[in-house]
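Please read the points beside the structure.

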Amino acid sequence: MANVTVVGAQWGDEGKGKLVDWLSHRADVVARFQGGHNAGHTLVVGDKVYKLSLLPSGVVQGKLSLVGNGVVVDPWAFAAEVERIRDQGIDITPDLVKVSETAALILPIHGELDAMRENRDDGEAIGTTRRGIGPAYEDKVGRRAVRVVDLADEEALRARVADILHHHNALRRGMGHEAYDADKLVAELLEIAPKILPYAAPVWRVLSDAIRADEKVLFEGAQGALLDVDHGTYPFVTSSNTVAGQAAAGTGVAPKDSGYVLGIAKAYMTRVGAGPFPTELFDDNGQRLGERGHEFGTVTGRQRRCGWFDAVITRQTLRVGGVDGVALTKLDVLDGFEKLHVCVAYELDGERLDYLPAGKEAQARVKPIYEVLDGWSGSTAGARSWADLPAEAVKYVRRVEELIECPIALLSTSPERDDVILMQDPFRG
C-alpha cells in the first residue's frame, strides 16, 4: 500500500506540517480529513514560512490538495487563506485545491456561540480557539448544517438557514443575546459563495479515481489523538475524531486505503488550553522547553504548556490509532539538558497505572513516575544521519522507542524541511 496517513500522537502541535510537507514531495495527492481552521501547520521552506490552517500542506509542493467531508469549513477563512498563500507565490486554483461539496460550513453564529460558552463565569471553559469548530460539528451531527453544496442554490440555502437559526436563535435568546437575522446570514453567504464554489467537488470520487490509478495519497490529520472527541482527555478535546480511523470516513475512501499510519510526536510534551497534563513543568525546565521550542500556537499565538515526554499516554494513543511508525520531532530542543525525564507510569491513589484513566477527575489526580536519562551537551540541530547525533541522544531515542512500543520511523531535528533522519520509509511501509 503506497498511501500514508499522518496523525498527531499527542495534544497537537507535534510538527505535522513539516513532516507532511516533507512526505508530500513523493505523494500525488494530499487530503485533509477532519478539523477546521483551528488547527495550524507551519512549513519552513528555505527563507519562506507558510502558515496553513485549512489548505492541505501539499499546496506548497503543488500537489493536488483535497479538503474532505470530515472538515468543517469557514468560507471566509478559506478565502482569506487562499489570498494570503497566493501573495507568497503559490498559485491556488480549483485545479490544485478541491473542497468536498458535502463539507459543513462554519458560520458567524458558530464563532459567536463558541465565545459565549468560553466566557461562562463558572470556570468550566474548555479553552477552545473560539472559531466555531465545536458548534459547527454539533449542527452537522444535528442534521441542520449548511454545507458547501447549499451555496449553489439560493432557495435551498434559505431553507437551510431557516432551519439552523430555528435552533441557534433559541440558544441566543436563552443566553441573553439578540436573534441572528436570517436575511443577513443568507446575504453574507451569497456574497462569499463565489469565492468557494469554484473549489467545490465530489472529493470522494477524486480520491477514488486517484487510488484506482495507483497514485500515492497522503492523508493529513489535524490536532492530535489526545484531543480526539472519543479517545482524548474529554471534555478538554476537539469536536472531531483525530485518530487515523477518521481518514476513511472524513474523505470517503475505504479503511484499507489509508495505508501506513505515521504518528507524529514531540521529544517532549506540550498542550494548549485547559485540561490534564501529567508531566507539565512549572519550573525553569518548562520555561526553557517553551523558549527553545518557540512554543506558541500557529493559529492562536497562545503559549503552550510544556512538560517531559510521557511514554504512557503516547503508547496509549499509538495503540488506539493503529500507528505503524512514529516521527519524533524537535529532538534539538532537548540539546544541553543535563538530565532528561521520561514518564514510564502513573500513580493514582497509591496504585501504579500503565494507562491514563478515562475519568476527568482521575486524570487530574494522576502523578507521573519518571525514569531519568542522561542528556547531551552536543548539538542535534540539523542532523541528517545517526552519525550526526551524540551517543546520549541516540540512547534517548532508542529508550523512547522501547517505552512506546512502536518503531521510530523518522527523526526531525529542526524546522527546516530536509533536516530529517529516515529509518523507515512510510510510503514503502
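1. The model under review is predicted, and the points below should be read accordingly. At 0% relative accessibility, Cys343 falls under the 20% limit and therefore counts as buried.

2. How many disulfides does the model contain? The count is zero. Cys343 takes part in none, the nearest cysteine sulfur being that of Cys306, 16 Å away. Cys406 is likewise in no disulfide, with the sulfur of Cys343 as its nearest, at 18 Å. A disulfide would require the two sulfur atoms to lie within 2.5 Å.

3. Cys406 is also buried, because its relative accessibility is 6%.

4. The largest nonpolar core comprises 65 residues. Leu207, Phe309, Tyr396 and Ile404 have the most contacts inside this core. Beyond its neighbours within four places in sequence, Ile404 touches Phe309, Ala311, Thr314, Arg315, Leu318 and Val326. Another core lies apart from the largest one and has 36 residues, including Leu43, Ile90, Val146 and Ile164. In soluble globular proteins, nonpolar side chains tend to be buried together.

5. Helix α3 (residues 108–118) and helix α4 (residues 133–141) have axes that come within 7 Å of each other and cross at roughly 115°. The crossing of α3 past α4 is right-handed.

6. Which residues form the contact of α3 with α4? From α3 come His110, Leu113, Asp114 and Arg117, and from α4 come Ile133, Pro135, Ala136, Glu138 and Asp139. By class, the residues of this contact are four nonpolar, one polar and four charged.

Definitions and conventions: Residues numbered from 1 in each chain as written. Predicted model: local features only at pLDDT ≥ 70, side-chain atom pairs only at ≥ 80, totals over all residues. Heavy atoms only, no water. Buried < 20%, exposed > 50% of the residue type's maximum accessible area, 1.4 Å probe, protein only. Core = buried A, V, L, I, M, F, W, Y, C linked by side-chain atoms within 4.5 Å. Contact = heavy atoms within 4.5 Å. Axes fitted to C-alpha atoms, helices over the stretch in contact; angles between N-to-C directions. Helix = DSSP H or I, 4+ residues; strand = E, 2+ residues; numbered from the N terminus. Left-handed = near helix turned anticlockwise from the far one by under 90°. Nonpolar A, V, L, I, M, F, W, Y, C, P; charged D, E, K, R; others polar.
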